[in-house]
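Hi everyone, thanks for coming. I'd like to walk you through a structure that may be new to you, so please have a look at the screen.

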Amino acid sequence: MKNKWKILIVDDDLSILRSYQKYLESEGYTVFTADDGRTGYIAIEKEHPDLVLLDINMPVKTGLELLEDLNRTFNKKDMPLIVMLTAFGDLDAAVKAMNLGAYEFLTKPVPLEKLRSTVECALETLTLKERVAYFIEPDSTPFKDTIIGRDPLMIDIYKTIGTLKGNKATILVTGESGTGKEMVAKAIHENTVPEEPFIAINCAAVPENLIESELMGYVKGAFTGATANREGKLEAVKGGTLVLDEISEMPYEFQTKLLRVIQEKDFYPIGATEKKRFNGRIVALTNKNLKELVEKGKFREDLFYRLNVITISVPPLREHLNDLEMLILHFIKKANFMMNTSIQSITKEAVDYLRSHTWPGNIRELENTIQRASIKAKDKVLTRDSFSFLVAEKKEAPSAKQNIVEELVMPEKLMPLRDVERNYIEYVLKQTNWHKGKTAELLGITRPTLDKRIEEFGLRKDV
Ligand SMILES: Nc1ncnc2c1ncn2[C@@H]1O[C@H](COP(=O)(O)OP(=O)(O)OP(=O)(O)O)[C@@H](O)[C@H]1O
Ligand SMILES: [Mg+2]
């Protein structure tokens, strides 16, 4: 196996040259030698060695000069691996060599055992590199967190965003969880009024009784505890972008007031007698189907139609897998920047493996996956193995859906459908530990329907 590797030793100290050559040949490598930088360069061009052991101080041309020549004339991917041989005290030169792309440096005299392990390690990375498909170009520009994607579905989104400059139209952004709705909201802001404030509030996170004061603000004395005037977000956002995340969770009563803001462009802070103007743009986000909620009486129809004038649907990741590679490289860079990891490449196998995953958590799941793999990677390469936790998790925690299908056994005694329904709903509830959202999803029914069934059948969580 080893004799497929070609090693070139360049050193003007002939005793060293011979002893290393003899040793490495006995290890099974094919070895060439040269005794100065100039003949070394010629040998590299002629023999295409996989690895070069390169002395620094040599007549005619030094090791560093040779390295500079290689950098100038060779493509990065055609460069042999360079291991510098330095004399004691040559640290400056060694650092320079590393900056010029040398893989490693060894201080002479090098114990033969050390020489062997270094060469072996270096060539191993080469084996990996053969399978490496994608390199992260080291670049000095700071990482920028922007929307990535060239799929036509994404291009459509950029086109829509491009038409928004100069108007303040309300936008509805829909899409599954983790698809990038917030990113789209930010992109809208940056492409329209970047110098104005950007404010995001999550309607599900603000307690129902506080949403009005949060958005509209209040005047001193409006209620107990209102000891001073307080500016609401509608005012604070000025001419900027106000993001209402999880708009479906906006309290029903308050929806009328929001509708008024959108229609009239003004509002009353709590307790105020004078109106204030709203100058910003509202961008509403939702991962729910608002139309369905309207049909069920959970969301006001008039507000829905007001919001639904310009809608941006962000596709799930599985529908724009064309963008997977770009996203992977972006998230490796992001991890390097945010988590101080130093991943330089990912193998093609690993990318193919990631492509076969279904990504129910969409881009957020991909980002977390890359981050996790980057943090635990021992090397600078992400391989298929770096993602073994994806399989492990699948095995450990099969989704409730798979579990159920596998375990479903037909009852021995035939029974009425209603009883089957009751038992089955109870079974799924137990499997999900009474997570009603998940249960409804698995059963393919809505939350209210599930609630109704639970009541009808008198189902209760065992405690
Ligand atoms: N097209 C994209 N390019 C680069 N990063 C993206 C893209 N889409 C999403 N992300 C990243 O994925 C993560 C999730 O995105 P975001 O928060 O916008 O999703 P979301 O649709 O708002 O999800 P949720 O409904 O769960 O709130 C973020 O860290 C974001 O930076
Ligand atoms: Mg979000």
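**Around the ligand**

Let's begin with the domains: domain 2 (152-313) and domain 3 (317-396) each give at least three residues to the shell around ligand 1. Please keep in mind that this is a predicted model.

How many residues surround ligand 1? There are 20, and the closest are Ile148, Ser177, Gly178, Lys181 and Glu367. By type, the shell splits into seven nonpolar, seven polar and six charged residues.

Which helices each supply at least two residues of that shell? They are helix 7 (181-192), helix 13 (324-339) and helix 15 (362-376). Helix 13 provides the largest share, with four residues.

Now for some individual contacts, if you'd like to zoom in. Lysine 181 has a polar side-chain atom 2.7 Å from an oxygen atom of ligand 1. With glycine 178, the backbone takes part: one of its polar atoms is 2.8 Å from a ligand 1 oxygen. Threonine 179 also uses its backbone, placing an N or O atom 3.3 Å from an oxygen of ligand 1. How much of ligand 1 does the protein cover? On its own, ligand 1 has 630 Å² of accessible area, and the protein covers 87% of that.

Before I stop, let's turn to the surface. Phe337, Met338, Met339 and Ile375 make up a nonpolar patch there, and together they have about 410 Å² of accessible area. Helix 13 comes up again here: with three residues, it gives the most to this patch. Methionine 339, one of the patch residues, sits in helix 13.

Terms used:
Residues are numbered from 1 along each chain as its sequence is written. Chains are lettered from A and ligands numbered from 1 in the order in which they are written. This is a predicted model: local features need pLDDT of at least 70, side-chain atom pairs count only at pLDDT 80 or more; totals for chains, interfaces and linings use all residues. Side-chain values use heavy atoms; hydrogens and water are left out. A residue is near a molecule or strand if one of its heavy atoms lies within 4 Å of it. A polar contact is a pair of N or O atoms within 3.5 Å; within protein, one must be able to donate a hydrogen and the other to accept it, and residues adjacent in sequence count only if both atoms are side-chain atoms. Accessible areas come from the Shrake-Rupley method with a 1.4 Å probe; for residues, only the protein chains shown count as cover. Ala, Val, Leu, Ile, Met, Phe, Trp, Tyr, Cys and Pro count as nonpolar, Asp, Glu, Lys and Arg as charged, and the others, Gly among them, as polar. Domain bounds come from an automatic or database domain assignment. Patches are made of residues with over 30% relative accessible area and no salt bridge: like charges are joined within 9 Å, nonpolar side chains (Val, Leu, Ile, Met, Phe, Trp, Tyr) within 5 Å. A salt bridge is a side-chain nitrogen of Lys or Arg within 4 Å of a carboxyl oxygen of Asp or Glu.
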